Amino acid sequence: MSRKVVNLGCGPKSSAHPDVLNVDWSVYLRFRSNPLLRWLPPLVLRGERLERYRSLPDNIVAHDLTRGIPLPDESADVVYHSHVLEHIDRDAVPAFQAEVRRVLKPGGVQRIVVPDLEILARRYVASLEAARAGRGAQSSSAHDASVGELLEQSVRKDAAAARPLRGWKRALYTRIFGDARARGETHQWMYDSENLAALLRDCGFRDIAVVAHDRSRIPGWETYGLDVDAEGRQYKPDSLYVEAAK
Ligand SMILES: C[S@@+](CC[C@H](N)C(=O)[O-])C[C@H]1O[C@@H](n2cnc3c(N)ncnc32)[C@H](O)[C@@H]1O
């Protein structure tokens with residue numbers, strides 16, 4: 001039986017499964033879906049990024065999720081988003097969750113993947129203790145890397161794609177394609193199993209459960225290939241996986 005599965009903020013991890021509607025607003029998608037502007041990125045992009053632009057799949061809907069989810073009420077069996085929630089302004093999260101509830105059928109499932117703040121925080125504390133004990137962090141940059149894991153994505157200014165560029169090229173790139181925040185690359189908040197479960201309860205979800213990357217209450221979830229890489233390994237290690245029902 002076919003189902004409607006929505007993959008919000010799919011980025012490069014879209015699913016080709018016919019049940020899945022992939023949605024993203026990446027700047028390249030927006031350029032590509034605009035007949036007047038689609039020629040612009042190939043003038044600026046080089047190498048792997050140009051290849052990625054050219055090979056963007058056709059089964060992605062270009063849409064800004066701050067304007068809601070582009071689906072009718074109670075039309076989806078599953079709403080899935082991976083490494084997206086932490087990019088949404090905290091004030092906008094309840095409205096985003098209300099949208100998820102609106103489009104889910106009664107009994108439908110929201111599956112959320114986020115970077116696990118608990119894993120990152122425990123790693124930071126272990127690194128701090130090792131540095132204090134004179135073990136592990138021989139240089140200041142070694143321990144600083146664990147601070148970076150927690151904070152870098154919240155404070156970065158330049159988009160990742162602009163970093164190899166220098167001077168006026170970087171300025172021009174940022175002018176055309178936006179900085180890290182404008183492109184939704186920055187983290188606006190972080191989640192662990194406690195604050196995410198509380199958020200979901202507050203937003204009216206029930207049967208909230210932490211699951212492993214390869215477990216789901218969604219029948220046939222493994223056929224969508226969304227939480228694994230091409231070799232079947234966990235796609236995003238250090239993630240927290242939570243499911244909740246409408
Ligand atoms: C860190 S990436 C995660 C991509 C993919 N889901 C994954 O797990 O690899 C976050 C994605 O969310 C998308 N995104 C962020 N804000 C968005 C918005 N307001 N509307 C649509 N997509 C958004 C970005 O374009 C980006 O592709």
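Leaving aside residues up to four places away in sequence, valine 23 touches Val6, Asn7, Leu8, Cys10, Val61, His63 and Pro70, where a contact requires C-beta atoms, placed from the backbone, within 7 Å. Valine 23 belongs to strand E2, residues 20-24, strands being DSSP runs of E with at least two residues and helices runs of H or I with at least four, numbered from the N terminus. Valine 23 is buried, because 23 other C-beta atoms lie within 10 Å; buried means 20 or more such atoms within that distance. Its C-alpha atom is separated by 6.1 Å from that of asparagine 7, 16 residues apart along the chain.

The model is predicted: local features need pLDDT of at least 70 and side-chain atom pairs pLDDT 80 or more, whereas totals for chains, interfaces and linings use all residues. Residues are numbered from 1 along each chain as its sequence is written.

The protein contains 8 helices and 7 strands. Its radius of gyration is 19 Å, close to the 18 Å of the globule rule for 246 residues, so the protein is as compact as a globular protein of that length; the radius is taken over C-alpha atoms, and the rule is 2.2 Å times the number of residues to the power 0.38.

| Property of the protein | Value |
|---|---|
| Span of the C-alpha trace along its principal axes | about 55 × 50 × 40 Å |
| Buried share of the 246 residues | 28% |
| Share of contacts with a separation of 6 or more that join residues 24 or more positions apart | 72% |

The ligand is surrounded by 16 residues, the closest being Gly9, Gly11, Leu65, Ser82 and Gly184, with a C-beta atom, placed from the backbone, within 6 Å as the criterion.

Notes
Buried ≥ 20, exposed ≤ 12 C-beta atoms within 10 Å, placed from the backbone. Contact = placed C-beta atoms within 7 Å.
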